[in-house]
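Below are some notes for someone opening this entry for the first time. Please read them with the model on screen.

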Amino acid sequence: MPTFPFQQVDVFSSKPMRGNPLAVVAGADVLGEAQMQAFANWTNLSETTFLLAPHDPKAHYRVRIFTPKQELPFAGHPTLGSCHVWLTQSQASAPDEIVQECEAGLIRIRRDGKRLSFAAPPLKRDGPVEAEIVERIARGLATPASAILATNWIDNGPGWMGVLLASRRDVLAVNPDFAVLKGLRVGIVGPFDAAEDGTEAQFEVRAFTAAGFEDPVTGSLNAGLAQWLIGSGMAPSTYIAAQGTALGRAGRVHVYQQGEDIWIGGEVANCIEGTVRL
C-alpha cells in the first residue's frame, strides 16, 4: 500500500483551530478518483485535496478537490491550503505568483509574507435572486423579507447566493432552518459598526451549505461576495471579512481589488504533518 506525504492545515487563520481545516495528500498521481473520493469521505472534512503534476505547462501543480460526497471544480480555502502545502513540499524556489491548475482552470495565487491570495474566478451566474427563492431564504433564516436589503447570485462554481443584511449583529443573530434551506447555498453578510464591533474587520459573513451545515470560513463565497459588493459600490476596494464567529472560530479573509482583479487572501496554519497509506 503506497505511502504519501500528508498535512492537515487550518486556512484563513494564523492560529490552529481558528479557521477552516483542510486535509492535503501530496504526490497523489497514482491514486484513482474512487480512492480520492473514499479518503475524502473518511476524513469527513468539508474538503480534502490531492496534489498532482500539472497537465498545463503554465501551472506549477494540479489539485483535485473533494467533499465527502463529490468532486468540486474550485473552492477557495482548499486553493490556499493546497498552495501552502505545495510550497512546503516544493524543492525549488517558488515565485511570488503561483499558478494552480484545477478543474475550473488556472488559478493565480500570490504570496505576500505569510499570506496567500487567489484571484477570484469569473462568476458563472450573477444578478438578483428570484423572488420565490428570496422568500424561501427569508423563511430559512427566520428573518423578515424586509430585513434583506439586497440579494445576488454570486455563483463561481458551488452555486452561492449572497444576502445582505443591515448589520453584523443581524448576521450573528440568524438561526438557520436547514430543512427550509435544503439544496440552497446561501451566504449572508452584514457590515461592522465600528463603535459596537471594532475595526478589526468591516464585514461579518456566514455560509450555509446545501448539505445542511454552516461552513466556518469560505473562500469561494467571499470571492463572490467581494465581486458583488465592490462591483456595486457597497464595499470599499479593500476590506477584511470576519467569518466563523458563530462557530467559535476567528477566520479573517483579506479582500483587495487591483485593476480588474479581486484577490481573496488569508494565512494558513499547520496542524498535522506526516504520511498516509492509501
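1. The model is predicted, and the remarks here should be read as remarks on a prediction.

2. Start with Gly81, which belongs to helix H2, a run covering residues 76-89. Is Gly81 buried or exposed? Its relative accessible area is 0%, and because buried means under 20%, Gly81 counts as buried.

3. Which residues does Gly81 touch, leaving aside those up to four places away in sequence? They are Val9, Val11, Leu22, Val24 and Val268.

4. Strand E6 pairs with strand E4, which spans residues 61-66. The sense of this pairing is parallel, and it runs over 2 bridges. Within it, Arg62 has Glu101 of E6 as its bridge partner.

5. Strand E6 also pairs with strand E7, residues 105-112. Here the sense is antiparallel and there are 6 bridges. How many residues lie between E6 and E7 in the hairpin they form? There are 2. Cys102 stands opposite Gly105, a residue of E7.

6. To check the strand section on screen, follow E6 to E4 for the parallel pairing, then E6 to E7 for the antiparallel one.

Terms used:
Residues are numbered from 1 along each chain as its sequence is written. This is a predicted model: local features need pLDDT of at least 70, side-chain atom pairs count only at pLDDT 80 or more; totals for chains, interfaces and linings use all residues. Side-chain values use heavy atoms; hydrogens and water are left out. Helices (H or I, at least four residues) and strands (E, at least two) are DSSP runs, numbered from the N terminus. Buried means under 20% relative accessible area, exposed over 50%, partly exposed in between (1.4 Å probe, protein chains only). Contact means heavy atoms within 4.5 Å. Two strands pair if DSSP finds at least two bridges between them.
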